[in-house]
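This is a briefing for a reader new to the structure. It goes through backbone angles, chain contacts and domains in turn.

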Amino acid sequence: MTSARDRILVRLKSAPRRTMPERPDWAAPRYGEGRVTQFRAMLEAAHADVCEVARADWPERLRVILANKGVSRVLFAPATATGRQLAEAWAAGDAPKLVPYDRSIEEMKAVLVHEVQASVTTARSGIAQTGSLVLWPTPDEPRLMSLLPPIHVVLVDKGNIRDSLAETMQVEGWAGSMPTNAVLVSGPSKTADIEQTLAYGVHGPKELIVLVIGDDA
Amino acid sequence: MPMSASKPGRPHTVYFFGTCLVDLFYPEAGLAGMELLSREGLKVVFPQKQTCCGQPARNNGHPEEARAVARLQLDAFPGDWPIVVPSGSCAGMMKLHYPELFVGDPDHARAVAFSARVFELTQFLVDVLDVKLADKGRPVTVTWHPSCHSQREMGVLDQPKALLRQLANVTLVENPRETECCGFGGTFSVKQPEISAAMVADKVASIEQTGAAQVVSGDCGCLMNITGAAGKSRKAVTGRHIAEFLLERCHGGS
Amino acid sequence: MEALKSDFGGKAHVALNDPKLRANFRRAMDGLMAKRAAQFPDAEEWKTLRARGAAVRARALARLPELLEQLEAKLTANGVIVHWAETTAEANAVVLDILKAAGVKRVIKGKSMVTEEMHLNAHLEANGIRAVESDLGEYIIQLAGQAPSHIVMPCIHMNKAEIAELFADKIEGQTYTENVDELTAAARRVLRDRFADADAGISGVNFAVAETGTLVLIENEGNGRLSTTLPPLHIAVTGIEKVLEKLEDVAPLLSLLPRSATGQVVTTYVNMISHPRQPGEKDGPKAVHLVLLDNGRSKVYGDVELADTLRCIRCAACMNHCPVYTRVGGHTYTFTYPGPIGKILTPQLEGLDCAGDQPHASTLCGACAEVCPVQIPIPDLLARLRTEAVSPTSLAVKGGGSGRSLSESLGWGGWAALYSSPRVYRLSARLLGLFGNWMPAWLPMLRQWTSVRTKPKFAAKSLHQLARERGYSHDER
């Protein structure tokens, strides 16, 4: 007895051969000096908040931003450099409580789904054309961090902002190194399913705060 | 895909393909088209053997019948003169679909050569002849209706409007829904009469909303549909084929 | 499932006489057209980008069997389990088996048109598994007990008052509100728990990359990410045509799809899934399955011209720009895929005997092909399917020849005889000029025409006669 797989493949292989067109020239846009401006403008147009912050200052800036929003519990990745810097900076004073994502989701589901109000993660790179953040989750910075809490804070290095997805894939050699899950995030969660009216935070974060980290800014 | 016709030099003679709809219902539009060409000093030849481009059969799934009729047109226009057509739809059939209709047929090469000679009327007047029109008519406001095939198969977008804009006393108002199909679609209008009716009612309403006294078009199928619906519902919208309209303006009435 | 049959005219009649429905569609389509137009202001960019998009899809199809094998090998190496299904019944059985083996009772679903094509929810329900749709639009129509009326915006046929009423009726503790933020928050509240207690997530796939074994899934809400991340089991379902050669091919298609679909430069989320949860990782499904569904696609593939149908990336631009769809809405098309793409896809998947009226429910205006980001020649394929219905030339089309009728073939035969004989034609034209206007309006075709239009008037003299009289036919060479 042949399998569905075999029967499907036999049918496909018995079809007339067709010519393979070449990939015609196409180049994604380039922004040169305007790269960060474009990145920022696109994210802001998508309803994200963008701040350019110096590397040493961001934990304090973030503390103020989140305090203004009344956030008291923040999910963080304790084993990452970012997480360590945050923990250190927020150890003293009246910073929100840091909740570590340090066990599997099976053990932390209730905390993640209902309890934390915000999370802090890093982006591997940024894409200017579309105002996208490339999240490349790791064992230390898992996938759901950027998805379940109502506020998602992402840090992206100014030097890692690139022009386009095509460039990013190529420069970073994605094809040889795809992780379990990579995700491009280009704003807070949104929907327009009801009368094409935009509403934010339908399933994912309602707010996206992007900290563009520079050595100067 | 719209195809822009290759521009020949200014010819001394052109063929005129009248189309079957113009032949039976709007011969004045056909005559006006030929006169516009004659006025430019061209010799215009109307072969008596011509009938229909064959589009109705092709579009209804009868390529065999379409080919039989198309073959007669290949015979009817034997010279190498440009073939000017006062309809974007019929021109589109001859320009785009003749070559594919004759694939694997001994007449394929002839069909390809034929298709290369086909021009929609306003396209020919503007792109090849670069006509200059002097308006002798009274002030009037009109709007333009492009047929789907003139805009999308023939790529005729600005040429008719450029002609209308040459007329000093004609105000051209844009219809925001100009590019939307009027709902004619040949046999569609009788196979799906209710959808067609809804489409043409919307088209008539959009024309009315422009405030134009008249809708000008390059395709008599659309005109028959639009003016027929306007007439039946007693709307003030009237229609005119662009050839007649232009000729009338330049003669101060024909 | 009982066999469905298209009744385009009958359903259109109902839709056309529903002013609310028509207003909902008109408003929505006008908005979507304007948004798309704003995304492509540069004709040159559009031209080169869509040429690239079309070529990328055509290349993938040209190598479809090899790429499917490569995809399977890559995914398997990545730890994803690949299944194949020839029919929707087989695909439903595969999904059910996976769920049963894992002891799943509750499923959360991301938006997927292929699972609509399979009528998967009904199948799971019948087998004691609750499947909850999590895309807001899908959730709304699931509550309403309806099918999607648009492939990107499933509840586009409803306005907020209808949705407010539905929520007040079906969601516990929900009072009537037309505030979209409040309606959205209500859905979030309910669905958050459904995500948390789901034993499995089921999603569709936008692109399956053979080179890397990656499933690309795009969305705005986060429901796709949640369905594929939070539950311990993820089943992705896709048609076999969604495969791409290379990861780099995703870039141009991603630049085309959301801009064409909703006028967004990019969707909020672009998911790229390549493995199940790896050792040391704290979340993500422990098992990921991919079900590859054929359901007639390999048959379509057998005809080189018709196979262009399979290039489709499901952006819905064709329906957003279709003057017929705009007036009759998605439910008129009976089957899962409405609009111009549905009119070419449905008759090929379901058979011309079931959906033969669909290729005819078009004026061939070409608005669809004009905006198609992968250059599917939809009007040409509609014409081709009209031919297959009356005189089949290809084994690729199910139900070919089912539209044949004696009266129609006699009619076109007569038409061809008339128009391919100059003498017969000229004589007929003369007679029509003399007597044509006496034709009564109740004659077939004239009756439909004159239902909303005046009777066309034959000219007393044809252009043939006038041309001869004016000397235009003297020198024919």
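T334(C) is buried, with 22 other C-beta atoms within 10 Å; a residue counts as buried if 20 or more other C-beta atoms lie within 10 Å of its own, as exposed if 12 or fewer do, and as partly exposed in between, with C-beta atoms placed from the backbone. The model is predicted: local features need pLDDT of at least 70 and side-chain atom pairs count only at pLDDT 80 or more, while totals for chains, interfaces and linings use all residues. Residues are numbered from 1 along each chain as its sequence is written, and chains are lettered from A and ligands numbered from 1 in the order in which they are written.

**Backbone angles**

- Most residues other than glycine have a negative phi.
- T334(C), in the loop between α15 and α16 (339-350) of chain C, has a positive phi near 60° and is not a glycine.
- R314(C), also not a glycine, has a positive phi of about 60°.
- R314(C) sits in the loop between α13 (297-300) and α14 (317-320) of chain C, and R314(C) is partly exposed, with 16 other C-beta atoms within 10 Å.

**Chain C**

- Chain C has 23 helices and 10 strands; these are DSSP runs numbered from the N terminus, with helices (H or I) of at least four residues and strands (E) of at least two.
- The C-alpha trace of chain C spans about 90 × 55 × 45 Å along its principal axes.
- Chain C has 477 residues, of which 60% count as buried.
- Of the contacts in chain C with a separation of 6 or more, 74% are between residues 24 or more positions apart; two residues are in contact if their C-beta atoms, placed from the backbone, lie within 7 Å.

**Contacts between chains**

- Two pairs of chains touch, and the pair with the most contacts is chains A and C.
- Chain A and chain B share no contact, and their closest C-alpha atoms lie 17 Å apart.
- Where chains C and B meet, the contact takes 56 residues from chain C and 57 residues from chain B.
- Helices of chain C that each supply at least two residues to this side include α1 (8-16), α19 (378-390) and α21 (422-435).

**Domains of chain B**

- Chain B is divided into domain 1 (13-128) and domain 2 (140-251), with bounds from an automatic or database domain assignment.
- The centres of these two domains, taken over C-alpha atoms, are 22 Å apart.
- Their contact takes 28 residues from domain 1 of chain B and 23 residues from domain 2 of chain B.
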